[in-house]
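Reader: I have the sequence and the coordinates open. Please take me through the fold, the helix packing, the charged pairs and the backbone.

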Amino acid sequence: MFTSIRTLRSQNLRSAFNLCSYSNQSHNAATERTHQTHFGYEMVDENIKTEKVREVFEKVADSYDKMNDAMSLGIHRVWKNAFMQRLNPPHGTDLLDVAGGSGDIAFRFIDYLKHQPNSENKSSHVTVCDINEAMLKVGQKRAKKLGYTDDNQIKWIQGNAENLPIDSESVSAYTISFGIRNVTHIDKALEEAYRVLKPGGRFLCLEFSHVNNEFLRKIYDSYSFSVIPVMGQIIAGEWKPYQYLVESIRKFPNQESFKRMIQDAGFRSVTYENLTFGAVAIHSGFKL
């Protein structure tokens, strides 16, 4: 009888333990399923944000340049020219341009070096990496049209900024232009940038940022939310992707917060420069 009671108690304890373990597993699984991030102002599961961003840029790839000109009144060209001037790459630079499928930065890099003396006859190279195949096709099409066809000078690869298909310490400069706010884990993208750079290499990021002047910010917000999605519908036949783009800018960390994130990734001598009252900012850091 005592044996039966002990057996029954043991079975009950095992059942209680198994139930507790199951409950913990269920709780952990639920926590993983509900771990969310922002997609514009919408909250989504982290594991689907990358796909949703890919869909956004796939929809707008063919009208990307036209919409950039319309949205910024052509000022994006000035920002990108200033970005390349700040990079000031010497001959012999091996550049990785991430989220650069359109080719805007890669082409500027090549053109910039054409106008710099190269007394030592050093060769330079740019690798364009983008997660979106449609954007890469747009860039390659533009490259062919504009005459950037030297495979020894420019290479196109598909890859995620959070897990770059690039060897560690293999590039001397890393650029990302209007792309880092779209990644799911910004900290991982920054860690990858640090990983692939050679010691002494430079990180340079051009991204929409925060206008600090309250009066100008109100004008900027009114234009962004009232005009840009309408332009998207008229020019690209798409409203929602441009609504997301406007919202994603507001969710991106401000200048000081992003500076701290870059420092946390290991970069030193981190600085930023506001352009157009802070509508965009250039963040710079070095792997020392």
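Reader: How many helices and strands are there in the protein chain?
Author: This is a predicted model. Of the 288 residues of the chain, 46% count as buried. The protein chain has 11 helices and 9 strands.

Reader: What percentage of the contacts with a separation of 6 or more is accounted for by residues 24 or more positions apart?
Author: The count takes in contacts in the protein chain with a separation of 6 or more. Residues 24 or more positions apart make up part of these, and their share is 73%.

Reader: Are H7 and H11 parallel, perpendicular or oblique to each other?
Author: H7 covers residues 186–196 and H11 covers residues 255–264. Their axes come within 9 Å and cross at roughly 50°. Angles of 65 to 115 degrees count as roughly perpendicular and those under 35 as roughly parallel. The two helices are therefore oblique.

Reader: Which residues make the contact, and how many of them are charged?
Author: H7 passes H11 in a right-handed crossing. H7 brings Ile186, Asp187 and Leu190, while H11 brings Phe258, Met261 and Ile262. By class, the contact has 5 nonpolar residues and no polar ones, and the number of charged residues is 1.

Reader: At what angle do H3 and H9 pack?
Author: H3 spans residues 64–72 and H9 spans residues 228–236. The crossing of these helices is right-handed. Their axes are 10 Å apart, and the angle is about 145°.

Reader: Which residues of H3 and H9 meet, and how do they divide by class?
Author: On the H3 side are Lys66, Met67, Ala70 and Met71. H9 meets them with Ile228, Met231, Gly232, Ile235 and Ala236. The division is 7 nonpolar, 1 polar and 1 charged.

Reader: Which residue forms a salt bridge with Arg86?
Author: The structure holds 12 salt bridges. In this one, the closest N and O atoms are 2.8 Å apart, and Arg86 is paired with Glu273. The pair links distant parts of the chain, 187 residues apart: Arg86 is in helix H4 (residues 75–87), and its partner in strand S8 (residues 268–275) is Glu273.

Reader: Is Arg86 buried, partly exposed or exposed?
Author: Buried means under 20% relative accessible area, and exposed means over 50%. Glu273, its salt-bridge partner, has 29% and is partly exposed. Arg86 has 31% relative accessibility, so Arg86 counts as partly exposed.

Reader: Are Glu207 and Arg181 buried or exposed?
Author: These two residues form a salt bridge, with the closest N and O atoms 2.8 Å apart. Glu207 is in strand S7, and Arg181, 26 residues apart from it, is in the loop between strand S6 (171–177) and H7. Both Glu207 and Arg181 are buried.

Reader: Which residues is Lys198 in contact with, leaving aside its neighbours within four places in sequence?
Author: Lys198 lies in strand S7 (residues 197–208). With a relative accessible area of 37%, which is between 20% and 50%, Lys198 is partly exposed. Its C-alpha atom is separated by 5.8 Å from that of Ser170, 28 residues apart along the chain. The contacts of Lys198 are Glu169, Ser170, Val171, Ser172 and Lys287.

Reader: What is phi of Ala99 near?
Author: Most residues other than glycine have a negative phi. Ala99 is in the loop between strand S3 (94–98) and helix H5 (104–114), and with a relative accessible area of 30% it is partly exposed. Its phi is positive, near 60°.

Reader: Is Asn121 buried or exposed?
Author: Asn121 lies in the loop between H5 and strand S4 (125–130). Phi of Asn121 is also positive, near 55°. The cut-off for exposed is over 50%. Asn121 has 66% relative accessibility, so Asn121 counts as exposed.

Reader: How far apart are the closest N and O atoms of Glu120 and Lys122?
Author: Glu120 is exposed, with a relative accessible area of 58%. Lys122 is partly exposed, at 42%. The two form a salt bridge, and the distance between their closest N and O atoms is 3.5 Å.

Conventions: Residues are numbered from 1 along each chain as its sequence is written. This is a predicted model: local features need pLDDT of at least 70, side-chain atom pairs count only at pLDDT 80 or more; totals for chains, interfaces and linings use all residues. Side-chain values use heavy atoms; hydrogens and water are left out. Helices (H or I, at least four residues) and strands (E, at least two) are DSSP runs, numbered from the N terminus. Buried means under 20% relative accessible area, exposed over 50%, partly exposed in between (1.4 Å probe, protein chains only). Contact means heavy atoms within 4.5 Å. Axes are lines fitted to C-alpha atoms, for helices over the stretch in contact, and angles run from 0 to 180 degrees between N-to-C directions. Angles under 35 degrees count as roughly parallel, over 145 as roughly antiparallel, 65 to 115 as roughly perpendicular and the rest as oblique. A crossing is left-handed if the near helix is turned anticlockwise from the far one by less than a right angle, and right-handed if clockwise. Ala, Val, Leu, Ile, Met, Phe, Trp, Tyr, Cys and Pro count as nonpolar, Asp, Glu, Lys and Arg as charged, and the others, Gly among them, as polar. A salt bridge is a side-chain nitrogen of Lys or Arg within 4 Å of a carboxyl oxygen of Asp or Glu.
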